[in-house]
Number of protein chains: 2
Amino acid sequence: MITLYDLVFEGDRRPSPFCWRTKFALAHKGLTWTDVPTGFTEKEKIAFADSKALPVIKDGETAVKDSWAIALHLDKAYPERPLMDGEAGRAFARFINGWADIAINGAIFPMVIGDLYDRVRPEDKDYIAETRGSRLGTKDFTAFQRAAREKGMATLRMALEPARRALRDQKFLSGAVPAYPDYILAGTFMWPRSMSPLELLAEDDPIYAWRERMLDLFDGLGRKAKTA
Amino acid sequence: MITLYDLVFEGDRRPSPFCWRTKFALAHKGLTWTDVPTGFTEKEKIAFADSKALPVIKDGETAVKDSWAIALHLDKAYPERPLMDGEAGRAFARFINGWADIAINGAIFPMVIGDLYDRVRPEDKDYIAETRGSRLGTKDFTAFQRAAREKGMATLRMALEPARRALRDQKFLSGAVPAYPDYILAGTFMWPRSMSPLELLAEDDPIYAWRERMLDLFDGLGRKAKTA
């Protein structure tokens, strides 16, 4: 019996890229889970796991925090259908995890922070204004986002080039079938999809077609999720 | 019997990051090779392979051009000690190949183009001035390099962050033992090492320690190579 604490925005939107890594990973394993929507300011719900960030899962009596630790836990506890195949698969996933966090999430964030702020739960707006405001040096997220998009789109599309090259030759980042590296990057795209109308990819981009395939997996797990 | 056509600079320096991928790959397989130093303007030496770029190998009667194609060829022709372990290993290496080309080589190039120009063979200087000059919009490579270093070092070190995170937890990008992803990034560092005095890494960077390990491999193949 697995419980997942999943970040929630207004209108039951679920944008967290890290929680999406875990949702795709659970679905890959064929596991079902009970969902606990958790707002930014509901840290008390995950205090039992000694965590201040999502996702957190409770798998039987075991609490696991952090999407990477959860992926390792799932491969250990449920070794069939590995998320990471062998040492090479784990090394690949670890690299993609860092690359997505730094190069891709980092490029998307400034372009959608205004839309994000608009869609968090009303009771979480002050928290976002404080934390993101001090990081960005402004609380006018709409203006910040507008300025960021001017150069940001080209930066993002360039940063995605290694994935684009791979996806010109193969169906998934992991090869013929998807594995954890695909779920990491798919989670990254579920994030803007769930809270911003901004389209990040050109239709003829091989990553666009890959994203469509990812949205269809697991009976449309990603596609059915509430969009911006 | 393998022949490698390897890019040569003045004083027998061998900086090509792509040729280094192949040299590390050959050494990983325990193969020996005959070396044909080839200048930028000696394309006639590799015309037999229908190639205008290095590396090229001749393996018996088979000509193979392009470092990626050579790596695939070596794993097929010499399946022991795989460079890429299974489909995950190949997917990982393919991703790192694109990432190194775009994010890392692309960040290093403007910071060392002046040093590179200074060290190409005298008969290749006009070729470099024309090709790199038209790409950069100037032939004053010394001034260009100086300006590029102001912001370029921070950009490079940030771009390396996914590798840094992996190398905090594991000895090589590929895990406990090196494989083709490591040789790709090692080749990238052999490039400035062979033609520029610029140090790109801080001594306490986990990538610095990894690079030392890579220089020691195969009886010091990288360490023994002529430096700037």
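Let's start with a salt bridge in chain A: the side chains of A:Glu42 and A:Arg121 meet at 3.5 Å, N to O. This is a predicted model, so please hear every number today as a computed one. Are the two partners buried or exposed? A:Glu42 counts as buried because its relative accessibility is 16%, and A:Arg121 counts as buried because its value is 13%. The cut-off for buried is under 20%. Over all chains, the structure holds 46 salt bridges.

While we are in that loop of chain A, have a look at A:Pro55, which is found between strand 2 and strand 3. A cis peptide bond joins A:Leu54 and A:Pro55, with omega at about 5°. Chain B has a cis bond from B:Leu54 to B:Pro55, and there omega is near 0°. B:Pro55 is likewise found in a loop, the one between strand 2 (33-38) and strand 3 (56-59) of chain B.

A:Asp12 has a phi near 60°, which is positive in a residue other than glycine. Its place is the loop between strand 1 (2-7) and helix 1 (17-28) of chain A, and A:Asp12 is partly exposed, with a relative accessible area of 44%. In chain B, B:Asp66 also has a positive phi, about 85°, although it is not a glycine. B:Asp66 lies in the loop between strand 4 (62-65) and helix 2 (67-77) of chain B, and at 43% relative accessibility B:Asp66 counts as partly exposed.

Now to how the chains go together. In general, two copies of a chain are related by a rotation about an axis and a shift along it. Which rotation and which shift superpose chain B on chain A? The rotation is 180° and the shift along its axis is 0.0 Å, with an RMSD of 0.0 Å. That is the relation of a two-fold axis. The same surface serves both copies, as 100% of the contact residues of chain B recur in chain A. Of the residues of chain B, B:Phe92 comes closest to the rotation axis, with its C-alpha at 2.5 Å.

Let me put some numbers on that interface. There are 25 residues of chain B in contact with 25 residues of chain A. The area buried between the two chains is about 2,100 Å², and carbon and sulfur atoms give 71% of it. On the chain B side, B:Arg94, B:Phe95 and B:Ile102 lose the most area to chain A, together 31% of what that side buries.

What about polar pairing? Across the interface the rule finds four salt bridges, and the count of residue pairs in polar contact is six. One salt bridge to look at is B:Arg94 with A:Asp169, whose side chains meet at 2.6 Å, N to O. Helix 3 and helix 6 of chain B are the elements that give two or more residues to the side touching chain A. The largest share, 12 residues, comes from helix 3 of chain B. By type, that side divides into 13 nonpolar, five polar and seven charged residues.

Helix 6 of chain B, residues 161-169, is my last stop. Its buried residues are B:Glu161, B:Pro162, B:Ala163, B:Arg164, B:Ala166 and B:Leu167. They pack against helix 3 (86-119) of chain A, together with helix 3 (86-119), helix 5 (141-159), helix 7 (180-195) and helix 8 (206-224) of chain B.

In general, an α-helix has 3.6 residues a turn, so residues three or four places apart point the same way.

B:Glu161 is buried, with a relative accessible area of 14%, whereas B:Arg165 is partly exposed at 33%. Salt bridges that share partners join A:Arg21, A:Asp101, B:Glu161, B:Arg164, B:Arg165 and B:Asp205 into one network. Thanks, everyone!

Notes:
Residues are numbered from 1 along each chain as its sequence is written. Chains are lettered from A and ligands numbered from 1 in the order in which they are written. This is a predicted model: local features need pLDDT of at least 70, side-chain atom pairs count only at pLDDT 80 or more; totals for chains, interfaces and linings use all residues. Side-chain values use heavy atoms; hydrogens and water are left out. Buried means under 20% relative accessible area, exposed over 50%, partly exposed in between (1.4 Å probe, protein chains only). Helices (H or I, at least four residues) and strands (E, at least two) are DSSP runs, numbered from the N terminus. Contact means heavy atoms within 4.5 Å. Copies are superposed by least squares on the C-alpha atoms of residues with pLDDT of at least 70 in both. Buried area is the accessible area (1.4 Å probe) that two parts lose on being put together, summed over both. A polar contact is a pair of N or O atoms within 3.5 Å; within protein, one must be able to donate a hydrogen and the other to accept it, and residues adjacent in sequence count only if both atoms are side-chain atoms. Ala, Val, Leu, Ile, Met, Phe, Trp, Tyr, Cys and Pro count as nonpolar, Asp, Glu, Lys and Arg as charged, and the others, Gly among them, as polar.
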